[in-house]
Amino acid sequence: MTERPILMFDSGIGGLTVLREARVLMPDRRFVYVADDAAFPYGAWEEPALNAHILGLFGALLEKFQPEISVIPCNTASTLVIDALREKFPGHPFVGTVPAIKPAAERTRSGLVSVLATPGTVKRQYTRDLISKWAQKCHVRLVGSDRLAPLAEIYMREGFVDEEIVRQEIAPCFVEKDGARTDIVVLGCTHYPFLANRMRKTAPWPVDWIDPAEAIARRAMSLLAPVDGPLPMGEPDIAVFTSGKVDFATSRLMQGFGLVVN
């Protein structure tokens with residue numbers, strides 16, 4: 001490799017939403033995208049086992065790719081293991097992802113905010129601490145879905161989604177209380193922006209959907225030294241799937257995001 005890449009790690013293809021924004025902000029950087037599809041979905045794991053799994057996996061990834069920085073768009077992984085990763089690899093910078101509760105609390109007019117995430121993110125104390133710290137004056141509803149992330153994976157590969165399932169999964173986000181209505185829904189999983197158009201279509205009323213992808217990419221950029229002139233031509237951006245099994249639809253999807261499956 002002619003320069004150290006930015007490593008992006010997700011349980012599946014959800015982190016592509018962050019990669020897309022990072023490419024806009026950092027067009028001269030190289031990227032390695034790692035999808036831990038062998039362990040997908042993370043929401044089904046017990047916390048100690050998932051923690052050990054990710055720590056072990058990162059040991060191999062950092063040794064193999066020697067990234068300059070690692071970005072973890074996955075909310076479930078970040079809220080569980082980001083502190084442990086920083087402790088185990090103290091010389092390496094990590095950018096994690098947490099539900100965008102602070103900006104939601106700042107922007108809401110009705111005071112009714114919902115966080116749509118995986119069950120793992122919803123039940124984590126980290127998420128509740130964010131609410132206590134930043135959204136004490138809001139009514140925050142936590143909505144856990146174990147169907148939307150797999151649905152987004154299918155949609156991105158096959159181009160089809162059952163809108164009725166989307167409607168059912170987002171319905172608990174919409175609250176009416178004392179004449180006010182939910183006006184912001186935080187997308188607490190990087191897979192969910194892929195379904196944003198379907199969510200808007202099936203929502204009972206319009207809301208502001210907060211996608212944290214650009215903020216994550218900007219945070220990563222802020223931790224990197226500016227590129228001094230064009231980087232030398234090197235290897236292409238690559239995608240790595242921990243299962244080692246990539247079907248045609250997935251390979252085509254990765255190509256559409258400018259990634260060569262490794």
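**Helix 7 and its neighbours**

Let's start with helix 7. Its buried residues pack against strand 5, helix 8, helix 9, strand 11 (238-241) and helix 11. Before going on, the ground rules. This is a predicted model, where local features need pLDDT of at least 70, side-chain atom pairs count only at pLDDT 80 or more, and totals for chains, interfaces and linings use all residues. Residues are numbered from 1 along each chain as its sequence is written, and side-chain values use heavy atoms, with hydrogens and water left out.

Helices (H or I, at least four residues) and strands (E, at least two) are DSSP runs, numbered from the N terminus. Buried means under 20% relative accessible area, exposed over 50%, and partly exposed in between, with a 1.4 Å probe and protein chains only. Contact means heavy atoms within 4.5 Å.

So which residues of helix 7 are buried? They are Leu148, Ala149, Leu151, Ala152, Glu153, Tyr155 and Arg157. Look at glutamate 153. It sits in helix 7, residues 148-158. Glutamate 153 is buried, at a relative accessible area of 7%. It touches Gly12, Ile13, Gly14, Phe40 and His191, leaving aside residues up to four places away in sequence. Just after helix 7 comes glycine 159, with a positive phi of about 75°.

Next, the record. Which residues does UniProt list for "active site"? Cys74 and Cys189, and the entry is unreviewed. UniProt positions are in the numbering used here, feature names are shortened, and annotations may be inferred rather than shown by experiment. The two span 116 residues in sequence, yet no two of their C-alpha atoms are more than 6.5 Å apart, so they gather at one spot.

Take cysteine 74. Find it in the loop between strand 3 (69-71) and helix 3 (75-88).

Now cysteine 189. That one is in the loop between strand 9 and helix 9. Cysteine 189 touches Asn75, Leu116, Thr118 and Ala149, with residues up to four places away in sequence left out. Ala149 is also one of the buried residues of helix 7.

**Strand 9**

On to strand 9. How many of its residues are buried? The count is 5 of 5, and the strand is mostly covered. Ile184, Val186 and Gly188 point one way; Val185 and Leu187 point the other way.

What does strand 9 pair with? Two strands pair if DSSP finds at least two bridges between them. Strand 5 (residues 112-117) pairs with strand 9 in the parallel sense, over 5 bridges. There, serine 114 stands opposite valine 185. Strand 10 pairs with strand 9 as well, parallel, over 3 bridges. There, valine 186 stands opposite isoleucine 210. The chain runs from strand 9 through helix 9 to strand 10, a right-handed β-α-β crossover. Right-handed means that, with the strands pointing away from the viewer, the path from the first strand over the helix to the second runs clockwise.

**Aromatic pairs**

Last topic: rings. The structure holds 6 aromatic pairs. Rings of Phe, Tyr and Trp (its six-membered ring) pair if their centres lie within 6.5 Å; planes under 30 degrees apart count as stacked, over 60 as edge-to-face and the rest as tilted.

Why is the pair of phenylalanine 174 and tryptophan 205 edge-to-face? The ring centres are 5.2 Å apart and the planes are at 85°, so it counts as edge-to-face. Phenylalanine 174 is in the loop between helix 8 (163-170) and strand 7 (176-177), and tryptophan 205 is in the loop between helix 9 (196-202) and strand 10 (208-210), so the pair ties together parts that are 31 residues apart in sequence. Phenylalanine 174 is buried, at 10%. Tryptophan 205 is buried, at 10%.

Phenylalanine 194 and phenylalanine 257 have ring centres 6.4 Å apart and planes at 80°, so this pair is edge-to-face. It ties together parts that are 63 residues apart in sequence. Phenylalanine 194 is buried, at 10%, and phenylalanine 257 is buried, at 14%.

Finally, ring pairs link Phe9, Phe58, Phe89 and Phe94 into a cluster.
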